[in-house]
Amino acid sequence: MRGYGVCRTGAVALSLLALAGCMSDADDAVKVAAAKKAAKAVSPQEVRKARLAVAAKAKANELGQVPVLMYHRVVAKPDIADDRTPAQFRAELERLAQEGYVPITAAEYATGKIGIPAGKHPVVLTFDDSSPSQVTLDGMGEPAPDSAVGILLDVGRRHPGFRPVATFYVTRDMFGKARPEEQTQILTWLHERGFDLGNHTRDHLNLRGKAKKQVEKEVAAGHQVIRGRIPFDPVTLALPYGNQPNTKEWALRGSASGTRYDYGGVFLAGYTPAASPFSKDFDPLGIPRIKSQDKKGECLRFCSTAWLDWLKEHPEERYTSDGDIRTVAYPKFKAAFGAKKYAAYALPY
């Protein structure tokens, strides 16, 4: 399986299989047995035909591009271009929801666990540097309304289906928390609510030009910043300043001071949409992200507003789901771009 298993309904053949797999109540044992018997009568050819019909109806293209958006601080009075105001951040999330995007985490993207409804498009929301503006909790564990998390959760409530998840790339700053207990508290809160935690190195040092031992020491220390507080190993790394070490593989896997890391993907600092993880173009050593900024100045072409406009104007280039995490669906015309690694799950229509 390319991802975790799910039960889905739709075409008759798939409905029978789903019913057999989803029902578990002892009182429905007879119904379950009947469903399993009916499912056995459905041939693999019929199941595939039903899946192809769903993929075609959704105009699925799971070899398409995925926007990975990069945020830093969300503050009322921005000091630098990377900052966004709460109003700007909310407006971008509202646009994503209205245009059929569903957030997934960086870990889900990098490992191909993209389980979103048919016809929808994945988007990855990432936050660098673990700023207090991203998540601040009151004494009862409620997020500040104008924090990034508070706004994201509110947009999720207003738009059912818009999954309020994001990936936070943590450094030693740890959302402004100094005490170990507070650091544990906030990481636990995020993890338990489905937010993803990624490594941004401990000290946010530029890794370009550093020796292998220095690179591994800094990345492993960043890994331990998270692992040392909660029982969770980050799956991805975001490079400080987007700068890769001289040997790219050093950022992906290595060890130092008894801490080993082996990541599913390493993220850069900006520029373009990212390739589908099922595409030949996917490179786990350098996954591009898009800066969240308006369409002006140097961002006329290469920041979030510009790229979201482009993807809307070129829907055939955008990742569109078939709603089935067990398959990789795409138009036959695009088959040449599929990665061999996922050939067994290919569903060209």
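Biologist: In strand 3, which residue is the bridge partner of Pro-103?

Modeller: This is a predicted model, in which local features need pLDDT of at least 70, side-chain atom pairs count only at pLDDT 80 or more, and totals for chains, interfaces and linings use all residues. Residues are numbered from 1 along each chain as its sequence is written, and side-chain values use heavy atoms, without hydrogens and water. Strand 2 (residues 101–104) and strand 3 run parallel and are joined by four bridges, where pairing takes at least two DSSP bridges. In strand 3, Pro-103 is bridged to Val-123.

Biologist: Are the residues of strand 2 buried or exposed?

Modeller: Strands here are DSSP E runs of at least two residues and helices H or I runs of at least four, numbered from the N terminus. Tyr-101 and Pro-103 point one way, Val-102 and Ile-104 the other way. With buried meaning under 20% relative accessible area, exposed over 50% and partly exposed in between (1.4 Å probe, protein chains only), all of them are buried.

Biologist: Which residues of strand 7 are buried?

Modeller: The side chains of strand 7 (residues 253–256) alternate.

Biologist: Which residue in the hairpin of strand 7 and strand 8 takes a positive phi?

Modeller: Strand 7 pairs with strand 8 (residues 259–262) in the antiparallel sense over four bridges, and Arg-253 has Asp-262 as its bridge partner. Two residues lie between the strands of this hairpin. The positive phi, near 55°, belongs to Ser-257.

Biologist: Why is helix 4 roughly parallel to helix 11?

Modeller: Glu-92, Arg-95 and Leu-96 are the residues of helix 4 in the contact (heavy atoms within 4.5 Å) with helix 11. Axes are lines fitted to C-alpha atoms over the stretch in contact, with angles from 0 to 180 degrees between N-to-C directions. Helix 4 counts as roughly parallel to helix 11 because the limit is under 35 degrees, against over 145 for roughly antiparallel, 65 to 115 for roughly perpendicular and oblique for the rest. The axes of helix 4 (residues 86–98) and helix 11 (residues 304–313) come within 12 Å and cross at roughly 10°.
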